[in-house]
Amino acid sequence: MYGFTLFGQSIKMQGNGYKIYDYDTKIGTTYIDSSYLQIIMIYGVILFAIMLIAYTYIARKVTLEKKLKLSIIIVLIAVSSIINQYLIDIAYNPFVIILGIYLLSNRNSSLQRSRKKRRVLQ
């Protein structure tokens, strides 16, 4: 019925996990429980790849910084997202914000390091 596309597609979801007021009896219950499948089917392969790279980068960074609690949380969210749709939903997964902060903090710290190197060279 639906396949994978580069940029995603519109999927009308209805069922236990997704409530809509105009239930379409022709299509029955259609809902994707897995966050990974939901992202790749609705938003596309490209965004899915970007998201996986970002989560992997952040998980590695947190692990190298020896932040055990945050590492455990990231792993639990990743495993839970196999059967739940909460991976990018801020209402259920507020750690999406923390992951964004980690991505931006790395960018800012690399900018500051390059500025320091320029000062030293001058």
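Colleague: Which residues does Met51 touch, not counting residues up to four places away in sequence?

Modeller: Happy to start there, bearing in mind that this is a predicted model. Contact here means heavy atoms within 4.5 Å. Leaving out residues up to four places away in sequence, Met51 touches Tyr36, Ile39, Leu87 and Ile88.

Colleague: Are helix 2 and helix 3 roughly parallel or roughly antiparallel?

Modeller: Let's take the axes of helix 2 (residues 45-64) and helix 3 (residues 68-80), which come within 8 Å and cross at roughly 155°. Angles over 145 degrees count as roughly antiparallel. Therefore helix 2 and helix 3 are roughly antiparallel.

Colleague: How many charged residues does the contact of helix 2 with helix 3 have?

Modeller: From helix 2, Ile58, Ala59, Val62 and Thr63 meet Leu70, Ser71 and Ile74 of helix 3. By class, this contact has five nonpolar and two polar residues, and the number of charged residues is: none.

Colleague: Is Phe7 buried or exposed?

Modeller: Phe7 lies in the segment before helix 1. Leaving aside neighbours within four places in sequence, Phe7 is in contact with Ile42, Tyr43, Gly44 and Ile46. Because its relative accessibility is 67%, Phe7 counts as exposed.

Conventions:
Residues are numbered from 1 along each chain as its sequence is written. This is a predicted model: local features need pLDDT of at least 70, side-chain atom pairs count only at pLDDT 80 or more; totals for chains, interfaces and linings use all residues. Side-chain values use heavy atoms; hydrogens and water are left out. Axes are lines fitted to C-alpha atoms, for helices over the stretch in contact, and angles run from 0 to 180 degrees between N-to-C directions. Helices (H or I, at least four residues) and strands (E, at least two) are DSSP runs, numbered from the N terminus. Angles under 35 degrees count as roughly parallel, over 145 as roughly antiparallel, 65 to 115 as roughly perpendicular and the rest as oblique. Ala, Val, Leu, Ile, Met, Phe, Trp, Tyr, Cys and Pro count as nonpolar, Asp, Glu, Lys and Arg as charged, and the others, Gly among them, as polar. Buried means under 20% relative accessible area, exposed over 50%, partly exposed in between (1.4 Å probe, protein chains only).
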